[in-house]
Structure formats: structure tokens, C-alpha cells
Amino acid sequence: MKSVHRKMTDEVKLYGFPGSPFGCRVETALKLKGIKYEFIQEDLSNKSADLLKYNPVHKKIPVLVHNGNPIAESVVIIEYIDDIWKEVPILPQDAYEKAQARFWAKFIDDKCIPAIYNSYGNVEAVAEATEPLQFLENELNVKGKKFFGGDNIGLVDICACYMAFWVGAAEEALGIKIMTKEKFPKLKKWCDSYINCQVVKDSLPPRESLVAYYKWRFGKAE
């Protein structure tokens with residue numbers, strides 16, 4: 001097995017695509033840590049030889065390459081970043097709290113994002129899409145903090161970026177309402193707090209490009 005050695009100057013490359021919420025996760029983590037990196041934009045319709053070499057299993061972005069060593073899958077990458085660069089911790093230090101953060105990160109990927117995406121262009125599925133979001137609303141209510149990670153951004157916040165920014169663009173484009181302030185007051189307040197953090201702002205794609213994409217991809221819901 002390769003061992004990762006920190007160099008005086010780390011070489012960090014991120015293969016991604018502007019507009020990808022999963023790539024945005026990694027960029028936010030890198031910026032939060034103050035890590036300098038090179039962003040390499042992929043053409044998803046004509047993937048580069050490097051991307052296929054570095055992620056031969058899934059052939060997807062994002063892929064982080066640190067001193068020649070590739071790491072795939074956004075949550076795995078974020079945990080790697082947190083392990084290598086200790087400044088500004090992203091995961092809790094307490095074992096139980098860390099396990100809980102991993103649970104909610106997986107819940108977002110397995111339950112929330114698929115349900116929301118399935119509602120685009122399918123008005124009947126909107127109600128179903130709100131069901132997993134209620135669990136996130138309850139979690140914020142129990143914690144009573146600004147972020148899922150407490151007073152500072154953590155793993156769950158970064159993984160929930162799709163709800164904070166992409167969902168609003170889809171709602172505007174398609175004329176649907178998934179996350180309303182009336183139904184999800186804590187979640188909406190969290191969205192505002194999260195996307196107004198400078199490191200997050202610096203990682204987000206232009207909102208108008210997302211709105212245009214959703215209109216093109218799904219058409220306005222009737």
C-alpha cells in the first residue's frame with residue numbers, strides 16, 4: 001500500500017465540474033481548511049484519461065489527487081481532507097458525535113437527494129420529497145444550533161449543500177415548492193446561514209446557470 005507523505009508544498013488537484021453539488025462539497029472543505037488546490041474541469045460527455053485512470057470504478061467526479069494519490073467519492077474525500085489537514089476540524093472529535101455526523105451525511109445521500117431529484121418535473125412526488133427533510137428539520141430543532149455541526153460548519157452541513165442552494169434554483173426554474181419557510185423554518189434559516197458563509201459562497205456556481213439547467217433538463221412543471 002502507498003503511504004501518503006506530506007510535502008513542504010502539497011500538490012492538490014481536484015477533478016470536477018462547475019455546478020456539481022458533490023464537487024462543491026469538496027471545494028468547500030478545501031477552502032475551509034485554507035488548502036491551495038488546482039481545479040481541473042472535466043467534460044462529462046468526454047471524460048479525460050486522467051479521470052478514468054484516477055476513478056476507474058465509478059468514472060465520476062469529484063476526484064481529489066493529493067501528491068499523486070487519488071481519492072474518489074465526496075464524503076470519503078472530505079474525511080480524507082480532515083484526516084490530513086487537522087486545522088479547522090470538519091468532523092467532531094467525539095466518537096459518538098462523529099458516528100452521528102456520518103449517519104446524517106449518508107441519510108442525505110441515500111434518502112434526501114434522490115427523493116428531491118425525483119420530484120423535478122413530477123409534481124405528484126413533491127410531497128414524498130419533503131418526508132426525509134422533516135428528519136433534518138427535527139435534527140436542527142433538537143440541536144438548537146446555527147449549523148448541523150454546532151456553531152461551526154461540519155460534515156453534515158457540507159453534505160446538505162444541495163438543499164441549501166440547488167433546491168432553491170430548481171424551485172425557481174420549475175415552479176414547485178419543496179422547502180417552504182412555513183413547513184421547514186429551521187432548515188430555511190440554516191440554508192440562509194450556510195450559503196452566506198464566505199467559504200461556501202466562493203464554492204457555489206452562479207445561481208442563474210443552475211436555473212437555466214433545470215429549465216432545460218426538466219421543463220417547467222405544470
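Reply: In this predicted model, the largest pocket holds about 900 Å³ of space. Its lining is made up of 29 residues, and those that lie nearest the centre of the pocket are Ser-20, Pro-21, Phe-22, Leu-44 and Ile-61. If you sort the lining by class, you will find 18 nonpolar, 5 polar and 6 charged residues.

Turning to the helices, at least two residues of this lining come from each of α1, α3 (74–84), α4 (95–119), α7 and α10 (207–218), and it is α10 that gives the most, with 4 residues.

Two of these contributors, α1 and α7, also deserve a look as a pair. Two packed helices are described by the angle between their axes and the distance between the axes. The crossing in which α1 passes α7 is right-handed. Where the two helices meet, α1 brings Pro-21, Cys-24 and Arg-25, while α7 brings Cys-161, Tyr-162 and Trp-166. The residues of this contact comprise 5 nonpolar and 1 charged, with no polar ones.

Pro-21 therefore links the two parts of this description, being among the residues nearest the centre of the largest pocket and also one of the α1 residues that meet α7, where contact means heavy atoms within 4.5 Å.

Technical notes:
Residues numbered from 1 in each chain as written. Predicted model: local features only at pLDDT ≥ 70, side-chain atom pairs only at ≥ 80, totals over all residues. Heavy atoms only, no water. Left-handed = near helix turned anticlockwise from the far one by under 90°. Nonpolar A, V, L, I, M, F, W, Y, C, P; charged D, E, K, R; others polar. 1 Å grid on protein atoms, 1.4 Å probe; cavity = no way out; pocket = protein on both sides within 12 Å on 5 of 7 lines; lining within 4 Å. Points joined across faces, edges and corners; volume = space filled by probe spheres on them.
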